[in-house]
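Please keep the sequence and the structure in view while reading.

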Amino acid sequence: MRRKRRIQRRRAAAGVLALTVLLLLATVILVSVYTDAGFSPDGTTQASTTNKAVPPEVRDGGPVIDLTGGGGLRTYGMPAKTIALTFDDGPDPQWTPRILDVLARHRVQATFFVVGSQVARHPGIAERIAREGHELGGHTFTHPDLAELPEWRREMENSQTQLAIADATGASTRLMRPPYSSFADALTDKDWQTVRAVGAQGYLTVLDTMDSEDWKRPGVDAIVRNLTPKGNDGQIVLLHDAGGDRAQTVAALDRLIPLLTERGYKFSTVSAAIGGQANPAAGDDAVWRGRALVWTVRVSDAVLSVLWVLLITAGGLIVVRTLILFAFAWRHSRRRRGPDWSWGLPVTSPVTIVVPAYNEEKTIGPAVRSLASSAHRRVEVLVVDDGSTDGTAQAVRELGLGNVRVVRIPNGGKANALNAGVALSRNELIVMVDADTVVETDAIHRLVQPFADPKVGAVAGNVKVANRRGLLGKWQHIEYVIGFNLDRRLYDTFRCIPTIPGALGAFRRTALNESGGLSTDTLAEDTDLTIAIQRAGWRVVYEESARAWTEAPATVGQLWRQRYRWSYGTMQAIWKHRAGSGLFKRRQLLLITLFSVLLPLLAPLIDLMALYGLLFLDREITIIGWLAMLVVQALTAVLAFRLDREPLRPLWTLPLQQIVYRQVMYLVLLHSAIAAVTGRRLKWQTIHRTGDLSSAPVPGR
């Protein structure tokens, strides 16, 4: 009872950890999305033209609007012959330093309306702005249209910008310029709501009186012309130090400052021009909260960057795998099916077929009948009942087959049952078959023919899904044909098959003894044994003509349990044999790690980042990219089905499989990885069988 509770606690811990990982990943992506200040420049957003709610004194007043402190409405203009250079959307790591260099060369101060998320990403540049005597104002945290946001979001946009400025410079700001704003006489009713909200938060709203329109990149001459006053009035001029190529802005600024200086203009920050204090010191609490915010942004950016790198890696692995499959799997199939192909002299040695069984009453009968009626001349079927609590052993005895034996042992797991069967067998050649599997009449004979080569120690058969009528069955059928059988052709070419399927595999007794037999160290005893045999120096091959039909899980829950065991066991086996040697280490572990572990672990990023792209990036490009991956999968599927001589009809479900079934497999893999980290262990588990072998072309079922 205590052990059961301990297992339940570990299972719950693994589940909680898996959910935590998913939530953290989702949080990181959402933070990165929120702080990704990718936006259209000021002036490109269309606004309403209704301005009935805007007071006349605002439309006709100065560009600085003060609604703070409950003192009523005040506006300020610039003194005559005074220019306030203002820059929006930065800081930018490329263009802001170049603009600062120009300002330093001409000894001119300016006001920079910064985007908070950019300050968080480039705090050193913001610190340089303040250190060189320039003024910082807020331009929101992510550059949204404030008029379209609820009040809580407007408050957050401005307060987070304050925190970012506090972290970078130790100062605060009272100035704020709403994104997409322009002149005072162009304010609309929606804009006025924003100005009032900003004033209620304690900010002065700073608009402009002259627009360089540098976001259009009209040329240096046009920018200089746009910013050259006609008379002697003071001006607040709008430029940009981020949001695109600002080379024209830098060049125009270098010409504009001397030009206006010669005309008697002086340059000032906005606050200095209206008699205010520029960037008063921020409180310690604001600095510390700003530091926490900045680190959150940095971590999120770093994680998202890693995700993009991993996505590119996954895409590259898929492309490489596809190219390799097309190049080698096709050649492998043609060679094996060629008229001149032969393993050597026909193998007619007697064979012992070991069938481990645990509560397999529903499926053991058809399985044993198909094995006992094998076309191979000398076959002994040995059913090892691993402490079943149902009528498994009785179901076998009732068949009355002369070449079938049943032995009962205490329950000890599948690997233990197979080892017992090997010990009790009478022959050098041993075939292992699951109790839910039926084989074609000539499957055993074909399976043992590779033993004509004395270097072959084990042979993998071609396993098919027998219950493929439902959607879940079709998806597993596709997975078996593509993910298992097609890959085995590739691995066979490189002489590094990772797994002999438990449903149908053949072994030399000598190879089993030299590799130590089946181990109870891992849940994937078939993968563990396959690796061990190859490490012992034996060759493992794939015989595609030896076909068996197995009942796949009929429910999502049963499928989860099976694949969880497979995934977890494969990770255990790879870790166990990580210290491989020679050819095995260079080929086996590399291919298994890349295509059986790394690619499945990274593959979810394709769908995750596709969803990210649909929501936050260019949807057309995202859809094209995802469809391109689907086309690659479809081409691979067609190749696999053709090589396996399977009809293509089930492939109509492939797109839905990629959207639904693949996500379930991702979660299983994540669950397995976390369980491996937490140290959870499982005993051999059986899944509920229905006895549905409807697609298996085996007589006498």
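## Backbone in the loops

Pro91 sits in the loop between β3 (82–88) and α3 (95–106); helices (H or I, at least four residues) and strands (E, at least two) are DSSP runs, numbered from the N terminus. The peptide bond that joins Gly90 and Pro91 is cis, with omega about 0°. The model is predicted, so local features need pLDDT of at least 70 and side-chain atom pairs count only at pLDDT 80 or more, while totals for chains, interfaces and linings use all residues. Residues are numbered from 1 along each chain as its sequence is written, and side-chain values use heavy atoms, with hydrogens and water left out.

Tyr180, a residue other than glycine, has a positive phi near 65°. Its place is the loop between β6 (175–176) and α7 (189–200). Glu213 is not a glycine either, and its phi is positive at about 55°. Glu213 lies in the loop between β8 (210–211) and α8 (220–226). With a relative accessible area of 29%, Glu213 is partly exposed (buried is under 20% relative accessible area, exposed over 50%, partly exposed in between; 1.4 Å probe, protein chains only).

## Surroundings of Val58

Val58 belongs to helix α2 (residues 56–59) and counts as buried because its relative accessibility is 0%. Leaving aside neighbours within four places in sequence, Val58 is in contact with Ile65, Leu73, Thr75, Ala184, Leu187 and Trp192 (contact means heavy atoms within 4.5 Å). Val58 and Leu73 are 15 residues apart in sequence, and their C-alpha atoms are 8.5 Å apart.

Helix α11 (residues 284–337) has 54 residues and reaches 77 Å from its first C-alpha to its last, close to the 80 Å expected; the expected span is 1.5 Å times one less than the number of residues. A kink of about 30° in α11 is centred on Leu325 (the bend at a residue is the angle between axes fitted to the seven residues ending there and the seven starting there).

Buried residues in α22 include Thr622, Leu630, Gln633 and Phe641. Just after α22, Arg645 takes a positive phi of about 55°.
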